[in-house]
Amino acid sequence: MEQYFGKAVKRVEDPRFLTGSGQYTDDLSLPRMAHVAMVRTPFAHARIRRIDTAQALEHPGVVAVITGQALRDANIGSIPPGWLLPDIKTPPHYAIAVDRVRHAGEIVAAVIAESRAIAEDAALLVDVEYEMLPAVSLGSAALASGAPAVHDEAIENVCFRWSIGDQAAVDAEFDRAAKTVKLSLRNSRLAPNAIEPRASLAQYVRASDELTLWTTSQNPHIHRLILAAFVLGIPEHKLRVISPDVGGGFGSKIFQYPEEVIVLYAARKLNRPVKWTARRTESFVSDSHGRDHESEAELAADDEGHVLALRVKTIANLGAYLTLFGPVVPTYLYGTLMNGPYRFRAIHCAVTGVFTHTAPVDALRGAGRPEATYLLERMMDRMAQELGQDPAELRRKNFIQPDAFPYQTPVALVYDSGNYEPALDKALTTLDYKRAREAQAALRKEGRYLGIGFSTYLEACGLAPSSLVGSLGAQAGQWESALVRVMPTGKVEVFTGAHSHGQGHETAFAQIVADDLQIPMDDVVIVHGDTAKVPFGWGSYGSRSAAVGASALKMALNKIRDKAAGIAAHLLEAAPEDVEMTGGQLHVKGVPERGKSFSDIALQAHLAHNLPEGMEPGLEATHFYDPKNFVYPFGTHVAVVEVDPETGRVTLQRYVAVDDCGPLINPMIAEGQVHGGIAHGVGQALLEHALYDEQGQFVAGSFLEYAMPRADDLPLFEIDHTVTPSPHNPLGVKGIGETGTIASTAAVANAVIDALGPFGITHLDMPFTAENVWRAIQGGKKAVA
Amino acid sequence: MYPSAFGYYRAASVQEAVALLGEHPDAKLLAGGHSLIPAMKLRLATPSALVDLGSVAELRGIRQQGETIVIGAMTPHREIEYSTELAKTCPILPEAAAVIGDPLVRNRGTIGGSLAHADPAADFPACVLALGGTLTIQGTAGGRTVEAADFFQDMFATALQPGEVLTEIQVPARQPGVGMAYEKFAHPASRYAIVGVAAVVRMNRSVCEEARVAMTGATSKPTRLTKLEAALAGKPLDEATLKATCVNVVSPDGLLGDHTASATFRAHLTDVFAKRALQRAAERSTSR
């Protein structure tokens with residue numbers, strides 16, 4: 001039989017995507033469907049004095065205009081956060097603002113009409129009278145005394161104060177440290193910009209009192225749970241959530257958004273299907289943003305460069321409202337990652353979560369871990385610079401050694417496995433590090449400024465087990481489900497609680513099934529994204545699909561194999577333990593010529609004419625898999641940049657990535673994830689900035705202003721892998737969807753600072769736009785040309 | 001994105017386009033549409049109707065008449081970018097075309113659309129100004145020609161009157177001793193010019209007889225750098241001269257600035273890109 005695991009099988013889903021045959025939410029159209037245009041406030045902070053909808057209602061083709069008060073009158077609830085921290089403030093987040101708007105782009109009314117064009121025309125006729133209030137957009141500014149309050153219940157705009165680690169132990173290490181370095185770092189805000197904008201279509205069937213929501217979700221069951229039980233207040237079984245083809249999420253499609261509430265409410269109220277699709281300009285101001293930290297960090301080391309302790313204070317800008325994972329991203333997904341792959345004696349990380357008059361901030365590809373990696377890797381470089389040591393060798397001497405696992409860090413996590421040096425060595429070899437440094441030195445004499453930057457990152461993904469995350473405040477489990485249903489002809493349907501919005505589950509999961517059951521991949525179909533079909537599952541985010549979702553699948557497949565072996569043993573008149581499967585046949589060990597194919601067994605299971613005593617008919621298995629631990633991908637990324645000292649322009653010349661995500665199910669898909677991840681992280685370092693001005697106006701609200709990385713901004717990536725399997729899941733696999741983003745921002749930043757070394761620059765905040773770099777050069781020491 | 005409702009008319013000739021504009025005073029001409037249609041989607045432009053010039057064959061094409069190159073207003077950027085003729089006779093235009101937007105924009109966008117729209121960050125206006133081009137305009141009263149220097153009046157404002165159609169662009173064919181180059185610092189998102197400098201120099205042996213240098217991106221309309229031009233006349237365009245003259249070419253006062261590039265930075269970039277454009281223009285003047 002063909003072996004699929006580890007092969008670069010072409011993606012099953014690509015023919016439909018490449019030929020425009022995908023079915024995205026906006027492609028769906030239902031009879032009598034009405035369309036919504038949202039009236040969004042242009043102001044960051046204002047009191048709503050009056051909303052006059054009369055003129056809009058009179059506009060021909062308008063069906064209804066919905067206000068926040070109408071939702072309140074209908075007892076539509078607030079959208080709750082999904083993670084609670086001690087003493088956290090959780091002010092209500094209503095789908096439509098009632099009396100106050102708290103960020104530019106917040107919805108103040110929804111106009112429903114026969115066409116979107118009519119709805120947009122009428123939206124301009126909704127007359128909202130505002131009383132302007134002062135606004136604040138920067139986290140530290142929101143904490144300052146006298147800053148405008150975002151929510152009355154959050155004193156000084158503090159949502160929570162959280163910390164992890166042993167402060168006294170850190171202080172003691174700093175007292176005896178030979179060397180300390182300190183940096184103030186800003187981690188810039190990003191907009192997610194999935195290629196498919198968010199969209200929602202709701203349908204109500206009056207006869208059964210059932211609602212169906214087609215929406216751009218990474219986790220339809222979470223949507224159903226929260227929207228039904230917490231927001232609409234309807235029985236969970238009266239809402240079906242379908243997430244059809246979804247064009248990218250990067251975290252932004254995890255959360256429950258106001259627009260989903262609005263279409264569900266309107267569809268039921270009007271007894272008509274109602275659809276909304278974000279315009280790109282709406283996406284910029286209404287999708288949850290990512291990052292936005294202001295940090296003070298101090299690193300202590302001995303005189304040889306062995307790190308001792310890390311002290312971090314971070315202000316995390318949460319935006320105007322808490323969305324689903326808003327509280328966990330800058331805390332448990334951030335502070336726990338401060339240890340990286342290094343041997344620290346002590347770490348303390350204190351985070352203040354702050355409300356501001358900006359769009360909510362939540363998970364974005366990497367979610368907390370890029371922020372932690374950026375900070376830690378910048379600090380490692382700063383220490384290397386301070387000690388005059390090579391940044392690669394400083395990292396090497398601090399690596400946790402391969403025999404030290406499981407490894408307890410000072411910030412809660414227990415690393416299950418790791419072997420960091422081979423990845424570093426592979427990267428150095430690929431780069432030809434010695435020669436790269438020589439070239440850098442030679443070019444500096446010609447007035448050219450190259451920089452080499454490292455990021456020896458460590459990621460924790462596939463959050464687990466559920467009992468642990470529950471103890472940390474999660475209002476969710478973190479297991480995953482898989483249902484394997486074998487048909488009488490031996491074809492297989494798999495229902496996974498994981499969700500693919502670009503990851504290629506229909507291919508990678510089918511590879512696992514085909515191998516396990518020794519059937520062709522064509523005999524397998526992977527079904528996801530429909531609460532009416534799939535058992536409860538938590539969806540895909542935090543690089544959990546392979547480690548958790550595919551592990552659940554593997555466990556369900558074990559049950560199928562066991563039952564199939566039992567049936568085969570019965571038919572072959574042998575003991576089940578004497579039956580094995582080779583070449584697509586179940587047969588008695590050593591007697592391959594007399595066997596039963598998997599489809600023979602499937603048929604017998606369904607006919608049930610001759611099953612072992614007491615065995616149930618059918619061939620179907622479900623498994624709910626709750627992992628024992630996180631998985632811990634790691635690797636070394638190296639960026640080589642050149643800075644044009646005349647213009648400040650940074651060019652990324654080379655990029656080497658060596659990642660360890662355990663065994664690769666499909667190397668092509670893994671490589672694609674690495675490519676996209678690197679581009680995403682490079683985007684943050686060099687180009688992207690979801691910038692608000694001090695008054696809370698979003699100043700980069702279109703692709704004319706917001707610079708996404710493009711092909712010609714990037715070199716050909718040089719990619720390689722090491723393989724260190726996770727010891728605790730059945731496939732040994734770890735996540736790969738976020739590694740590129742987690743690693744690359746820091747690698748590029750370190751490269752830029754390395755290039756600017758001759759100008760006496762030791763730190764500069766992202767993004768490294770031409771003007772930022774040029775100004776730094778002007779302010780720095782003059783280089784000797 | 002949803003524009004407000006508008007009428008649509010496809011003109012078959014310049015004459016018909018002029019007539020349609022007469023009938024629909026609030027109509028806008030549609031060329032490649034890469035500026036107008038986004039503006040309509042954002043409702044920054046709300047024309048009552050569009051008069052589409054896409055089918056007007058007489059507006060498309062590149063030809064040479066004696067010492068003059070004539071380019072139809074509806075010639076797409078891509079045709080200019082890949083024109084082997086222009087590569088010899090007016091290489092600054094293919095060079096500028098190649099750095100407009102991306103291939104999709106270049107396939108649709110037209111030189112006439114770019115000039116008539118007069119975006120302060122567009123690439124072609126500075127080139128046509130530096131070349132000393134003229135523009136031919138048709139209206140109900142017949143045709144007229146306007147010097148590029150008089151055509152660009154302000155941000156998005158030109159000498160075009162209501163009801164008029166820009167039909168042709170004339171630029172001089174390159175003479176012996178003339179070199180030209182366009183250097184641009186592109187906006188990382190839009191790829192419009194943060195600063196673009198077009199330089200056309202006439203050299204006699206190694207001495208600059210005339211330099212025509214125009215900038216875009218940082219001024220409300222394409223602007224000749226007259227002070228720099230005067231400083232270069234009669235000088236060799238060597239490294240030392242350019243380094244000495246391309247200093248504080250423009251004052252940051254009054255320059256455009258935003259969060260991506262301040263006026264101060266744009267003034268600095270003008271020095272850098274003027275120097276780079278002149279350097280290459282001078283090099284090319286010898287490659288006859």
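Trainee: Hi! How many aromatic pairs does a search of the whole structure find?
Mentor: Over all chains, the search finds 28 aromatic pairs. Rings of Phe, Tyr and Trp (its six-membered ring) pair if their centres lie within 6.5 Å; planes under 30 degrees apart count as stacked, over 60 as edge-to-face and the rest as tilted. One of the pairs is B:Phe185 with B:Phe273, which is edge-to-face, with 5.8 Å centre to centre and 65° between the planes.

Trainee: And what should I know about the model before we go on?
Mentor: This is a predicted model, where local features need pLDDT of at least 70 and side-chain atom pairs count only at pLDDT 80 or more, while totals for chains, interfaces and linings use all residues. Residues are numbered from 1 along each chain as its sequence is written, chains are lettered from A and ligands numbered from 1 in the order in which they are written, and side-chain values use heavy atoms, leaving out hydrogens and water.

Trainee: Are B:Phe185 and B:Phe273 buried or exposed?
Mentor: B:Phe185 and B:Phe273 are both buried. Buried means under 20% relative accessible area, exposed over 50%, partly exposed in between (1.4 Å probe, protein chains only).

Trainee: What sits over the ring of B:Phe273?
Mentor: The charged end of B:Arg276 does, 5.2 Å from the ring centre. The rule asks for NZ of Lys or CZ of Arg within 6 Å of the ring centre and within 35 degrees of the ring normal. In chain A, A:Arg311 lies over the face of A:Phe174, 4.2 Å from the ring centre.

Trainee: New topic: why is helix 11 of chain A largely enclosed?
Mentor: Because 6 of the 8 residues of helix 11 (residues 391-398) of chain A are buried. Among them are A:Leu394, A:Arg395 and A:Arg396.

Trainee: What covers the buried residues of helix 11?
Mentor: The cover includes helix 10 (369-387), helix 12 (420-431) and strand 18 (449-455) of chain A. Contact here means heavy atoms within 4.5 Å.

Trainee: Now strand 13 of chain B. Why is strand 13 largely enclosed?
Mentor: Strand 13 (residues 207-216) of chain B has 7 of its 10 residues buried, so the rest of the structure largely encloses it.

Trainee: Which strands does strand 13 pair with?
Mentor: Strand 12 (residues 193-204) of chain B pairs with strand 13 in the antiparallel sense over 9 bridges, and strand 14 (residues 223-224) of chain B pairs with strand 13 in the antiparallel sense over 2 bridges. Two strands pair if DSSP finds at least two bridges between them. B:Ala198 stands opposite B:Ala214 of strand 13, and B:Met215 has B:Thr223 in strand 14 as its bridge partner.

Trainee: What about the turns?
Mentor: Strands 12 and 13 of chain B form a hairpin with 2 residues between them, and B:Arg205 in the turn has a positive phi of about 50°. Strands 13 and 14 of chain B form a hairpin with 6 residues between them, where B:Gly217 has a positive phi of about 100°.

Trainee: Last one: how many residues do chain A and chain B put into their contact?
Mentor: Chain B gives 26 residues and chain A gives 27 residues.

Methods. Helices (H or I, at least four residues) and strands (E, at least two) are DSSP runs, numbered from the N terminus.
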